[in-house]
Amino acid sequence: MSQGATTKTPTATTAQPAGTAAPQEAQYTIQPDEGYWLPRQNGAYSEQFDWAWSFYIWVCVIFFVIVIGPMTYFAFKYKRKSETEKTSPIDHHLQLEIVWTAIPTALLMYMFWVGFKLYADTQIAPNDAMTVQVTGAMYNWKFQYPDGTVTQELELPKDRPVKLVLSSVDTIHSFFVPEFRLKADVVPNLYTTMWFHPTKETDTAVQCAEYCGNGHSTMYSRVLVMPSGDAGAEGTFENWLANGGEKSSLSPLALGTKKYGQLCKSCHTLDGSKSVGPSFKGLFGKTESLADGSTVTVDENYIKESIVNPGAKIVQGYQNQMPSMAYLKDKDIEGIITFIKEQK
Amino acid sequence: MSRAATADAVYDESGGKNYINAEKGVVSWLTTVDHKRIGLMYLVSTLTMFMIAGIFALILRIELMKAGEDFLTPAMYNQAFTLHGAMMVFLFIIPAIPGGLGNFILPIMIGAKDVAFPKLNLLSLYLYWTGSIFTASSIVSTGLDTGWTFYVPYSTTVSQTSVIAVTFGAFILGFSSILTGLNFIVTIHKLRAPGVTWYRLPLMLWAIYATSIVQILATPVLAITLLLLILERAFQVGIFDPKLGGDPVLYQHFFWFYSHPAVYIMILPGMGIISDIIAVHSHRRIFGYKAIAFSSVAIALVGFLVWGHHMFTSGQSELASTIFSFITFFVAVPSGVKVFNWTSTMWGGSIAWSTPMLYAMSFLFLFTIGGLTGLPLAMVGLDLHLHDTYFVVAHFHYVMMGGAVIAFIGGLHHWWPKMTGRMYHETPAKIACALIFVGFNMTFFTQFFLGTRGMPRRYHTYLDQFQPLHAFSTFGSWVLGAGLFLVLFTFIHSLLKGERAPKNPWGGKSLEWETSSPPPTENFHRTPVVTHGPYDFATTGK
Ligand code: HEC
Ligand code: HEM
Ligand SMILES: [Cu+2]
Ligand SMILES: [Cu+2]
C-alpha cells in the first residue's frame with residue numbers, strides 16, 4: 001500500500017489495495033448545521049451532546065459578562081483624573097469571597113455531572129450492536145465486518161447500534177467522526193471501543209485526529225449510512241454486505257478477484273512464483289503432492305477444504321501457515337474458486 | 001500616562017553608577033553573578049527564541065491560508081509546527097518569566113542584594129543556553145517532526161528526525177528550570193529584608209514561589225521520561241514500544257504528569273504580574289490579597305492531580321477518566337477566584353490607562369476566554385468531540401499567549417523603566433497593544449469554530465469547507481505579527497532615544513520602586529527596612 005499518499009487537494013482518494021474495485025473518487029465533507037458551532041446531528045447521542053454544548057455556551061456567556069462587564073465599566077468610571085487621587089480602602093470581603101467560590105464550585109460540579117453522563121452513554125454499547133473491527137495504519141483505515149467482508153469505508157445500516165473495536169498496526173491514530181461527536185484513539189496492541197446509533201442516512205468524513213506523520217492530514221475515510229432492509233433489495237445495507245461490500249451484485253469472478261486482493265494476496269502469487277503458500281497460477285486441475293507423500297487433484301472440493309480447513313492437507317514444501325477462513329460465505333468461496341480457475 | 005513622578009528626581013546617590021555600567025565588556029556579562037544582569041540575558045535570549053518560534057508560526061499560518069499544498073510539504077509543515085511548539089514552550093515561555101523578569105525583580109522586591117545562590121543562578125543560564133543549542137540544532141540538521149509532545153511510538157520508531165538531540169536538550173533545560181526554582185524558594189525564605197513579612201510580599205512573589213514548587217517537583221519526572229524515551233529510541237529497550245512489550249499509553253501518563261503542571265509554570269507567573277500591574281496602575285490596595293496568594297498555591301498543588309484530562313480518548317480506563325474530569329473542575333475554582341479579585345481591585349481605584357494596564361485588561365479578557373474554554377475540555381463527554389481539534393489549539397493559545405505572553409509583555413512595559421532606566425513612548429506602545437489584541441482574537445477566536453465543526457489539529461491541509469475560517473485566521477496572524485514587531489521597535493526606540501526614567505514612574509509602593517532606575521549592583525545602598533505592605537496606597541480612609 002502506498003505510504004503517505006499525500007495529494008494536492010483534500011479530495012484525497014482512499015488508498016485501494018490491489019484487486020479491489022476501482023477507487024470511488026469523491027469529496028469528503030462534514031455536513032454543516034444551521035448553528036455556528038457544531039456539524040449536523042446524527043443519532044440520540046449527538047442530540048444530548050448538543051444540549052450539553054448549549055448549556056455550556058450559556059454558562060460561558062454569563063461568566064464572561066460577569067467578569068468583563070464590570071471590568072469595562074470600572075475602567076471608564078474610575079479612569080484616573082488626577083495623580084493624587086485617593087482610592088478605596090476596602091481590600092477584602094469575606095462574604096464576597098465565599099460567594100464567588102461557592103457558586104462557581106456548585107455550577108462546576110453540575111458541569112462535571114453533565115459531562116460524565118454523556119461519557120457514560122458512550123461507554124456502554126447495547127448487546128445487540130453489530131461489531132465492526134477497525135484497523136488504522138499509516139495512512140488508511142480498514143473495516144472488517146462480522147462476515148469477513150473488508151472495506152475501506154465504513155458502511156452502516158440506519159437505526160441499528162454499531163460497536164467499533166479499534167486497533168492500530170503501527171503508530172497511534174485516532175478515529176474521529178464529527179457527525180457522531182466521537183473519537184477514539186487507535187493504539188497498537190490495545191483494543192479501544194466506540195459505539196453509536198446512526199438515525200440518519202449520511203455520507204460523512206472520518207478524519208485521523210492523532211498526529212501520525214506525513215500522511216496524517218490526508219488519512220480520510222467516510223461513514224456511509226444506508227437503509228436497513230432485505231438483502232435482496234438494491235440499496236440496502238444487507239444487500240451491500242451480501243455483495244461483499246459492493247453497491248450492486250458482482251459477478252462471481254469480480255467477487256473472487258476482490259476477495260483474493262483482501263484475503264489471499266499476501267501469501268499466494270498469480271505469476272507462478274513461490275510465496276508463503278503456493279502460487280495460484282495453473283493450480284486448478286493440477287495434481288498436487290502433499291507433505292504426507294500422497295497426491296490429490298485440485299478441484300472445487302479441494303479448494304473449499306483448503307479454505308475452510310487448511311490443515312487437512314498440507315502441500316509438500318510448505319508449512320501449515322494458512323489461517324482457516326471458515327467464516328466466508330458460500331458465495332465468496334464460489335467466487336474465489338471461479339477466480340482460481342481463471343489463473344491458467 | 002502622564003509622566004507622573006516629576007517629584008522623583010533621577011535617583012543618583014552613586015554618581016551615575018548602576019548595574020549596567022558598573023562593569024564593561026562581554027566577559028563581565030558572561031561571568032557576572034548579578035541577578036539583574038542574568039535576568040537581562042535571560043530576557044534577550046528568550047525573546048530571541050520567541051521571535052524565531054513566532055516566525056515559524058506565521059509561516060504555518062500562511063501555509064494554512066488555502067487548502068492543499070502551497071509551499072510547505074507535509075514533512076516541512078510537521079517540522080515547523082513541532083519546532084514552533086517546542087521552542088515556544090521549552091525555550092520561551094517556561095524560562096522567560098521566572099528566568100527573565102523573576103530573576104530581575106525578585107531580590108529587589110524583598111530588599112535583598114541578590115538571590116541566595118548567585119553562582120547557581122549563572123549555571124541555570126548556562127544550562128539554558130546549552131539546552132537551547134541542542135534543541136535549536138535540529139533546525140539545521142534533520143529537524144523534528146514529533147510534535148512538542150514527543151508521543152511514542154511515533155517518536156521512537158517512525159520519526160526519522162533528530163528526536164534524541166532535542167529531547168536531550170529539553171532534558172538539560174529541565175535542570176536549568178529546577179535550579180532556578182530551588183534558588184527562588186531559598187531566596188524568598190531566607191533573604192527577606194527586615195519588615196518584609198510573608199503577607200508583605202508582592203503577589204508576583206507568591207506566584208513565583210508557587211511556580212518554583214511546581215518546577216522542583218514536576219520537572220524531574222520530565223527528565224526521567226525523556227531519558228527513557230532516549231534509551232528506547234537508541235537501544236529499543238521495550239518500555240513504551242508495544243512490539244517489544246512496552247506500553248505507549250504509559251508514556252502519555254509520564255509526559256502529562258509533567259506537562260500539565262508545566263502549564264501552571266507558564267501561567268502562574270503571568271498571574272503574579274497581573275496582580276501587581278492592576279494594583280499599581282489603579283493606585284489601589286489589592287482586593288483579596290490572601291485569596292489571590294493562596295489560590296496560587298492551591299493551583300500549584302491541585303494541578304498535580306489532573307494530568308489525565310489530556311487522555312480521555314487515549315484508551316485509559318473509564319474510572320480514571322471520570323476521576324480526572326472531576327478533579328480538573330477544582331483547578332478552575334482558584335483561577336476564578338483570582339479573576340473576581342482582580343476585577344474588584346479596579347472598583348474604586350484610580351485607573352491609569354497606561355500601557356501595562358491596557359495589557360492587564362487584555363489579559364483579563366483573553367484569559368477569561370481561555371479559562372472558560374477549558375471547561376468543555378474537562379467535561380469528558382464534550383471532550384470526546386473536541387479533543388485534538390482546533391478548539392484545543394485555540395484554547396491553549398488563549399491561555400498561553402492571551403494569558404502568559406500578554407502578561408509577560410505587560411510586565412516588560414511595567415518594569416522596563418526600572419530595568420533599563422529609560423521610558424518608552426506611550427503612543428506606539430498602546431497602538432501595539434491594540435493591534436495585538438485585535439490580531440490575536442482574529443487569529444484564534446476563529447479557531448474555536450473550526451474546532452467544534454470538526455477540524456483536527458496538526459493538519460497540513462484540510463477539507464474545503466474549512467477554507468474561509470482558515471483564511472481569516474491567517475489574516476489575523478498578520479495583524480498580530482505587526483503588533484508584536486511594533487513592541488520590538490518601541491523598545492529599541494526607548495533604548496536609543498527614551499527619556500531617563502525616574503525611580504518610581506507609576507507611583508508604586510513595593511520595594512523595587514524605592515531604588516534608582518536602573519538600580520545599582522547591590523540594589524540598595526542601605527538594607528531597606530519595610531514598614532508597610534506592597535500595596536499601601538493612599539486611601540479615602542475608613
Ligand atoms: C498466511 C498466509 C496464507 C493466506 C492469507 C492464505 N493462504 Fe492459502 N496457503 C498458505 C500456505 C502456507 C499453504 C500451503 C500449506 C497448506 O496446504 O496448508 C496454502 C495452501 C492453499 C491452497 C492449496 C494450494 C495447493 O497448491 O494445493 C489453497 C487452494 C489455498 N491456500 C487457498 C487460499 C485462499 C483462497 C486464500 C484466501 C481466501 C488463502 N489461501 C489465504 C498460506 C496462506
Ligand atoms: C505569534 C502568534 C502565534 C501564532 C500565529 C501561532 C500559530 C500556531 C499554529 C498555526 C500552530 C499549529 C497548529 C496545528 O497545526 O495544529 C501552533 C501550534 C502551537 N503553538 Fe502557536 N502560535 C502563536 C503563538 C504561540 C505562543 C506564544 C505559544 C506558547 C507560548 C504557542 C504554543 C504553541 C504550541 C504548544 C503548539 C502545539 C504544537 C504541537 O502541536 O506540537 N504558540 N501555533
Ligand atoms: Cu493521524
Ligand atoms: Cu492539563
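The model is predicted: local features require pLDDT of at least 70 and side-chain atom pairs count only at pLDDT 80 or more, whereas totals for chains, interfaces and linings use all residues. Residues are numbered from 1 along each chain as its sequence is written, and chains are lettered from A and ligands numbered from 1 in the order in which they are written.

## Chain A: sheet and domains

Helices (H or I, at least four residues) and strands (E, at least two) are DSSP runs, numbered from the N terminus. Two strands pair if DSSP finds at least two bridges between them. In chain A, five strands make up an open sheet with mixed pairing, in the order β3-β2-β1-β5-β8. The edges of the sheet are β3 (150-151) and β8 (192-196) of chain A; each has a single partner strand, so one side of each is left without a neighbour in the sheet. Strand β1 (residues 130-137) of chain A runs parallel to strand β5 (residues 162-168) of chain A, and seven bridges join the two. A:Gly136 has A:Ser168 of β5(A) as its bridge partner.

Domain bounds come from an automatic or database domain assignment. This assignment divides chain A into domain 1 (23-68 + 125-249) and domain 2 (252-342). Their C-alpha centres lie 35 Å apart. Two residues are in contact if their C-beta atoms, placed from the backbone, lie within 7 Å. By this criterion, four residues of domain 1 of chain A are in contact with nine residues of domain 2 of chain A. The side of domain 1 of chain A that touches domain 2 of chain A holds one nonpolar, two polar and one charged residue. In this classification, Ala, Val, Leu, Ile, Met, Phe, Trp, Tyr, Cys and Pro count as nonpolar, Asp, Glu, Lys and Arg as charged, and the others, Gly among them, as polar.

## Chain B: overall form

Chain B contains 16 helices and zero strands. Its C-alpha atoms fill a box of roughly 70 × 45 × 45 Å, taken along the principal axes. The radius of gyration is taken over C-alpha atoms, and the globule rule is 2.2 Å times the number of residues to the power 0.38. For 542 residues, a compact globule would have a radius of gyration near 24 Å, and the 23 Å of chain B agrees with this. A residue is buried if 20 or more other C-beta atoms lie within 10 Å of its own, exposed if 12 or fewer, and partly exposed in between, with C-beta atoms placed from the backbone. Of the 542 residues of chain B, 63% count as buried. Among contacts in chain B between residues at least 6 apart in sequence, 85% join residues at least 24 apart.

## Contact between the chains

Chain A contributes 79 residues to the contact and chain B contributes 84 residues. On the side of chain A that touches chain B, at least two residues each come from α1 (44-77), α2 (94-123), β6 (173-177), β7 (182-186) and β9 (202-208) of chain A. The most come from α2(A), with 16 residues. By class, this side of chain A has 45 nonpolar, 21 polar and 13 charged residues.

## Ligand shells

A residue is near a molecule if its C-beta atom, placed from the backbone, lies within 6 Å of it. Of the 26 residues around ligand 1, A:Cys264, A:Cys267, A:Gly277, A:Tyr318 and A:Met322 come nearest. Two or more residues of this shell come from each of α4 (252-264) and α5 (300-308) of chain A. The shell around ligand 1 has 17 nonpolar, seven polar and two charged residues.

Of the 24 residues around ligand 2, those that come nearest are B:Ala57, B:Gly85, B:Met88, B:Gly147 and B:Arg457. The elements that give two or more residues to this shell are α2 (35-64), α3 (74-109), α14 (390-420) and α16 (467-497) of chain B. With eight residues, α3(B) gives the most. The shell around ligand 2 has 13 nonpolar, eight polar and three charged residues.

## Backbone features

B:Pro153 lies in the loop between α4 (118-140) and α5 (154-158) of chain B, and B:Pro518 in the segment after α16 of chain B.

A:Arg181 is not a glycine, yet has a positive phi of about 60°. A:Arg181 is placed in the loop between β6 and β7 of chain A and is buried, with 30 other C-beta atoms within 10 Å. B:Asp388, also not a glycine, has a positive phi of about 55°. B:Asp388 is found in the loop between α13 (380-386) and α14 of chain B and is buried, with 23 other C-beta atoms within 10 Å.
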